[in-house]
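Please load the model and keep the sequence at hand. The report below walks through selected local features.

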Amino acid sequence: MFFLYQLIISILLIFSPVIIFFRILKKKEDKKRYKEKFCFPSKKRINGNLIWFHGSSVGELLSILPLVQELEKNKSINQILITTSTLSSAQIFKKFNFKKTIHQFFPIDLVFFSHKFLNYWKPTIAIFVESEIWPSIFKVLGEKNIPLKLLNARITKKTFKRWKLVKKFSNSVFQNISIAYPQNEETFNYLKKLNILKIKKIGNLKFINNKQNKFTKLDKVLLNNLNLKQIWCASSTHPGEEIICANTHMSLKKKYKNLLTIIIPRHIHRVNEIVDEIKNLNLKIVLHSSKPKQLDKTDIYLVDTYGETKKFYQSSNIVFMGKSLLGKGGQNPLEPTNFGSTVLYGPNVDNFKDTYKLLNKLKIAYKVNGVRNLTHSINKLIIRPNNKKNYLKIAKIGKKILNETKDEINSLFNNEIKKT
């Protein structure tokens, strides 16, 4: 099975120049830094101990940044490498100032590249985040006796079934993980069935409040404009959800004449498509990148930039989380609650069942199933916002998880240094 996996990756590699070319055209790939995926690093490996984190995209990156900030205080750690696979995550990383931490793109998961990558970076330990399971790099990490940790692990029912279909192959992959930290009870149970020998519960990293004042302040002109409006926000929206939000806006505007709906799509390359859809409803739409001086007659404010979502959470007490009405699995609802926002969500949130169960209990999240429900819920929350005291409970949970995770990683890292 591993041979077949390598064969498939090798065939894709043959077509990679064409794939990369079209991804650059679609602005999904960095036209210079794509070479990092072929193990041509753009940053230098400095002398000393290095800890390596890998997460797929924006969500995984943001979940580990508060932890990385804490780990930078460990004098035994000389360098921290973060790898991700997407352009959007790389762009967001640029907005943060780290002393020891650098970013590179994750290499193609072929044994040749895995050896080349690890021979250059020589991590003391490797920490993979959430559902990032890569057979080739895991195999080579095992061969080189580099400890592999699975942090904030997430295994869904669908993923578990796939791994069980190739039991022998999955055993060879998962046996390389020295310890796993599941983010929920479902994942804990699946990890046991996948024969992970050491599993420790700490909690979901996404409970951690990762806001930074330097990066969460809107431009004063825009902020003044927003303060004159009644606002709700739709975040991480997927195809079809923007038009639902626009129709919700039209329903609410009958009652609230100064209403402004802020839409933050998950993928900004869809902006032109979204604009065309909303203009067909005769609504005035303004792009964030245009830096408008006033929003008097604006209906929809479309955020077409990366890494600014948190700024808008600070200005909106109501946030609808996308990929939940028309998508599958939902998006992480914890970040808006960290800013005191009430979360509205659709029925498709299988990836965050435990999280929504807690938020529902605290009465800071409410389920909706379409325009009518969404309109009704926003109307109620505009009139009577939720009790802010409930959000402090989320902050306390996050702080506890951050401290425990930091202590755990520092301990693992320091133990590895002692062995060398």
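The model is predicted.

**Helix H10**

Helix H10 spans residues 220–227, and its buried residues are Leu222, Asn225 and Leu226. Viewed down the axis of H10, these buried residues fall within an arc of 100°, so they line one face of the helix. Lys220 and Asn227 sit on the other side of H10, where they are exposed.

The N-terminal end of H10 is capped by Asp219. A side-chain oxygen of Asp219 lies 3.0 Å from the backbone nitrogen of Val221.

**Helices H5 and H6**

Helix H5 covers residues 111–121, and helix H6 covers residues 135–143. The two pack at an angle of about 50°, and their axes are 9 Å apart. That angle makes H5 oblique to H6. Their crossing is right-handed.

Which residues make the contact? From H5 come Val111, Ser114, His115, Phe117 and Leu118. H6 contributes Ser136, Ile137, Val140, Leu141 and Glu143.

**Two loop residues**

Lys44 is found in the loop between helix H2 (16–25) and strand S1 (50–54). Gln331 lies in the loop between strand S11 (318–321) and helix H14 (334–338). Are these two residues buried or exposed? The table gives the values.

| Residue | Relative accessible area | State |
|---|---|---|
| Lys44 | 70% | exposed |
| Gln331 | 9% | buried |

Lys44 counts as exposed because its relative accessible area of 70% is over the 50% cut-off. Gln331 counts as buried because its 9% is under the 20% cut-off.

Now the contacts, leaving aside neighbours within four places in sequence. On that basis, Lys44 is in contact with Gln79, Ile102, Tyr120 and Trp121. Gln331 is in contact with Ser236, His238, Arg266, Met321, Gly322, Lys323, Phe352 and Tyr356, with neighbours within four places again left aside.

How far apart are the C-alpha atoms of Lys44 and Asp304, and what is the separation along the chain? The atoms are separated by 32 Å, and the residues are 260 residues apart along the chain.

How values were computed
Residues are numbered from 1 along each chain as its sequence is written. This is a predicted model: local features need pLDDT of at least 70, side-chain atom pairs count only at pLDDT 80 or more; totals for chains, interfaces and linings use all residues. Side-chain values use heavy atoms; hydrogens and water are left out. Buried means under 20% relative accessible area, exposed over 50%, partly exposed in between (1.4 Å probe, protein chains only). Helices (H or I, at least four residues) and strands (E, at least two) are DSSP runs, numbered from the N terminus. The arc is that of the directions from the helix axis to the C-beta atoms. A polar contact is a pair of N or O atoms within 3.5 Å; within protein, one must be able to donate a hydrogen and the other to accept it, and residues adjacent in sequence count only if both atoms are side-chain atoms. Contact means heavy atoms within 4.5 Å. Axes are lines fitted to C-alpha atoms, for helices over the stretch in contact, and angles run from 0 to 180 degrees between N-to-C directions. Angles under 35 degrees count as roughly parallel, over 145 as roughly antiparallel, 65 to 115 as roughly perpendicular and the rest as oblique. A crossing is left-handed if the near helix is turned anticlockwise from the far one by less than a right angle, and right-handed if clockwise.
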